Amino acid sequence: MDNEIYLKREYQYFSLEDKLSQPLELYQAQVRSDWIDYNGHMSESFYLYAFGDASDALFQYIGIDNDYRLAGKSFYTCLLYTSDAADD
C-alpha cells in the first residue's frame, strides 16, 4: 500500500466556530464495488479500512496530524470488534 496517500488527504481541523452540540461530520466515503463480498455485503476488511480513514479524520481534527507523528508520537489500534446488529 502506498503510505504517501495518507499525507495527501486533508481533513478538517478544530475551530472554535464548530457546532459541537451536533454530531461531527469529518469523513465521508463511497462504498466501492470491490469492497462488496460474494454475499453482497461490505467485506470486514473494508469496514476496517473505512474505520481507519475515519479515525485519521478525527485525529487530525483534534491535532494529531503528520507533525504530531513526525515528533515521534502516534496511535495504534491493537484490538477492534465489529458486529452486524441487523443482517438481511
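This is a predicted model: local features need pLDDT of at least 70, side-chain atom pairs count only at pLDDT 80 or more; totals for chains, interfaces and linings use all residues.
Reader: Why does Arg-32 count as partly exposed?

Author: Its relative accessible area is 47%. Buried means under 20% and exposed over 50%, with partly exposed in between (1.4 Å probe, protein chains only). So Arg-32 is partly exposed. Side-chain values use heavy atoms, without hydrogens and water.

Reader: What makes Arg-32 and Asp-34 a salt bridge?

Author: Their side chains meet at 3.0 Å, N to O. The term requires a side-chain nitrogen of Lys or Arg within 4 Å of a carboxyl oxygen of Asp or Glu. The pair therefore qualifies. The structure holds one salt bridge. Asp-34 is partly exposed, at 43% relative accessibility.

Reader: How do you know that the span of α2 is close to the expected one?

Author: Helix α2 (residues 44-61) is a DSSP run (H or I, at least four residues). The expected span is 1.5 Å times one less than the number of residues. For the 18 residues of α2 that gives 26 Å, and the helix reaches 26 Å from its first C-alpha to its last.

Reader: Which residues of α2 are buried?

Author: Ala-50, Asp-53, Ala-57, Gln-60 and Tyr-61. They cover an arc of only 120° around the axis, so they lie on the same side of α2. The arc is taken from the directions from the helix axis to the C-beta atoms.

Reader: Why is Leu-58 not called buried?

Author: Leu-58 lies in α2. Its relative accessibility is 38%, so it counts as partly exposed.

Notes: Residues are numbered from 1 along each chain as its sequence is written. pLDDT is the predictor's confidence in each residue, from 0 to 100. Helices (H or I, at least four residues) and strands (E, at least two) are DSSP runs, numbered from the N terminus.
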